[in-house]
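Here are my notes on the model, point by point. Please read them with the structure open.

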Amino acid sequence: MGYRIALLRGDGIGPEVINAALEVLNQVGFKAEFIEIKAGYDYWKQAGKPIEDGALEVIRKCHCTLKGPLLTPPGPGTYKSVVVALRRELNLYANIRPFKSYGESARPVDMVIVRENTEDLYSGLEFKVGSTALSIRVISEKASKRISRFAFELARKQKRRKVTVVHKANVMKESCGLFRSTFFDVAKQYPEIQADELVVDAAGYRIVTAPETIDVLVASNMFGDILSDVAAAVVGSLGLAPSANVGDDHALFEPVHGVALDIAGKGIANPLATILSSAMMLNHLGEYDRAKAIELAVDRLIREKKVLTPDMGGNAKTVDVAHEVARLANEIMARL
Ligand code: ATP
């Protein structure tokens, strides 16, 4: 089948980690037409817009999207986040972020954060009244129900036992209160799965102190984003955390990390988050063996501890990791 994949290389370390993922995809025999979409900070500087015109129509015609991180300059006077707009326009309402300890680990972690992707403080509703700035936090019953259902369905499919809702309903009684109560309503339809809750600060503490007790977390947009970086630190590096943004009609795959300008262009970015995101993409497309080969290759690479980037204690370059994962995945593929 001829796949068409929209490709956004991104800013900062984006092009380096995307190249690595493309090499690995090629080595496991994944054939696709990659359709490049111009977007990002450099494109904005040249073209005066952060993403090329007509991009949405092109993306909609693709089977899915693979994307590197995009820079959104802080403060007013530039442009709004491209990925936040893509998530909203393509209705990619669920952001799935698996955190797994690969290789040998004293405390094996295997949790998934399911983050609501379309509303909350990312609504873009911000304004100033005099010298006071206001942001509107939008939480709807519809989106809360949809994401809770998504989390329970994911738990059922992956044979997981517990889904925990994250909130701060003791302070934000209306918005978090609605998110929480909707979750427990949906939970009634999944009696075989335990429904639990954690206040967001306690969730952060628990992810650090007892990550093995967490199975699936479901969170609103901002809490889910913050807790993801905490979980990434626990499994070893932001450079190891992949993600999928999924809706009913499209899916976009990208690393959890951002543009990491401090290491961009140095050739030392960890490409594993993007490589694992491409494995999530293969799973989504039903290319299970190819996805498995990549996951097993990453596991072997980490276990062997020979070819790792500096963030994981090694001294390898991005390209070395790409070559080694591609080689291992190719070898594993031949045996599957
Ligand atoms: P953004 O504003 O796009 O979120 P950022 O640089 O503020 O970008 P991240 O890129 O998410 O935030 O990461 C923070 C730090 O973690 C980086 O400065 C970098 O040192 C490290 N880091 C992130 N991703 C990687 C990676 N793939 N490999 C190695 N280090 C990384």
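1. Helices α1 and α9 are oblique to each other, because their axes cross at roughly 45°. Oblique here excludes angles under 35 degrees (roughly parallel), over 145 (roughly antiparallel) and 65 to 115 (roughly perpendicular). Helix α1 covers residues 14-27 and α9 residues 272-284, and their axes come within 8 Å. Axes are lines fitted to C-alpha atoms over the stretch in contact, with angles from 0 to 180 degrees between N-to-C directions. Helices are DSSP runs of H or I, at least four residues, numbered from the N terminus.

2. The crossing of α1 and α9 is right-handed (the near helix is turned clockwise from the far one by less than a right angle).

3. This is a predicted model: local features need pLDDT of at least 70, side-chain atom pairs need 80 or more, and totals for chains, interfaces and linings use all residues. Residues are numbered from 1 along each chain as its sequence is written, and side-chain values use heavy atoms, without hydrogens or water.

4. Which residues of α1 meet α9? They are Val17, Ile18, Ala20, Ala21, Val24 and Leu25. Their partners in α9 are Thr274, Ile275, Ser278, Met281 and Leu282. Contact means heavy atoms within 4.5 Å.

5. Domain 1 is 1-96 + 241-336, and domain 2 is 102-235; the bounds come from an automatic or database domain assignment. Their C-alpha centres lie 24 Å apart. The contact takes 20 residues from domain 1 and 20 residues from domain 2.

6. About 1,600 Å² is buried between domain 1 and domain 2 (accessible area, 1.4 Å probe, lost on putting the two parts together, summed over both). Carbon and sulfur atoms give 59% of that area. Tyr93, Asn95 and Ile96 supply 36% of the area that domain 1 buries against domain 2, more than any other three residues.

Definitions and conventions. Helix = DSSP H or I, 4+ residues; strand = E, 2+ residues; numbered from the N terminus.
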